[in-house]
Amino acid sequence: MNFELTVLGTGSATPTLNRNPSAYLLTVDNEYFLIDCGEGTQFRLLEQKIRHTRLRHIFISHLHGDHYFGLIGFISSLNLNRRTEDLTIIAPRGLAEILTIQLKHSETILHFKINFIETNPDKEELILDHPLLTVETIPLHHRIACCGFLFKQKQPKRNIIKENLPENFPIPYILQLKEGNDVFDELTEKTYKVNDYTTEPPPAKSFAYCSDTAYNELKISQLQGVDTVFHEATFTETELARAIKTNHSTAKQAAMIAQKSNAKQLIIGHYSSRYDDLTFHLLEAQEVFANTHLAIEGQVYKI
Ligand SMILES: [Zn+2]
Ligand SMILES: [Zn+2]
């Protein structure tokens, strides 16, 4: 049972040669969920050997370019690769209009359908109910409409102990056991007890993505007990005034949100181009919340 985050882009608005703009890939079982799609994200997906057929959902937090300028290039490439499967894009109002006009003037006819789901920056809402997970929006405080996303895995099914099962055990019976039910076989009049043939499933995991945002405690109640929170840390405390002015956060503030939310793990990213060395981001955050990690491009984090 996979639940992990691949970091594709950790930069912010201005480009640098060693960091890419925002993009993160959540893997749940064999399904991919792309979160933000900054310029060049399709190249990062190629580097990571991500199979596009397993990607059906893209989440865009807000319409600052460092979070979505990679989208039209990626969609065009999917089309050239003859994608036919639907793609769902969850994003603020305006993105459908932007993409439609880009496709119109390049006279591109897509071979696949894009379903747009509009986020509402003013309230938390369930935005996706998927067989593997649910996703809620997290209203964030930024210069334009912006939502984070709270991914909550659905309770995984019990694990089958294959070696304990008789040969050719019927699949409907296996499904019943995975659901946690004993199975009575009428032919043999034997009862298969769920505890003899399965083990407890791992607990359901949760992941919160919070970028971009000023320090704001309103989201803390929604994030209570989350397993992993990604929080932007554009600046360190030496640039607190700039963080406040631009509606961004410092590493310390990101850690305060993780601590007050009783999160188990914090990943920080969305670093300003003024920083080459991220040691101070890490130290500053760890002083408040010890289990903090820097988002490093190409790395995979267990949630
Ligand atoms: Zn940004
Ligand atoms: Zn922004």
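Two exercises with worked solutions follow.

This is a predicted model, in which local features need pLDDT of at least 70, side-chain atom pairs count only at pLDDT 80 or more, and totals for chains, interfaces and linings use all residues. Residues are numbered from 1 along each chain as its sequence is written, chains are lettered from A and ligands numbered from 1 in the order in which they are written, and side-chain values use heavy atoms, with hydrogens and water left out.

**Exercise 1.** Determine which residues coordinate the zinc ion (ligand 2) and how its site is classified.

Step 1. Donors are N, O and S atoms within 2.8 Å of the metal (3.2 Å for Na, K and Ca); water is not among the atoms, so sites may look incomplete. At 2.2 to 2.4 Å, the zinc ion (ligand 2) is coordinated by His62 (NE2), His64 (ND1), His142 (NE2) and Asp212 (OD).

Step 2. Angles among the four donor atoms run from 90 to 169 degrees, and the site is irregular. Four donors count as tetrahedral if all angles lie between 85 and 135 degrees; four count as square planar and six as octahedral if opposite donors are over 155 degrees apart and all others between 65 and 115; anything else is irregular.

Step 3. Asp212 also coordinates the zinc ion (ligand 1), 3.5 Å from the zinc ion (ligand 2).

**Exercise 2.** Decide whether Asp212 and Asp276 are buried or exposed.

Step 1. Buried means under 20% relative accessible area, exposed over 50%, partly exposed in between (1.4 Å probe, protein chains only).

Step 2. Asp212 has a relative accessible area of 2%, so Asp212 is buried. Asp276 has 66% and is therefore exposed.
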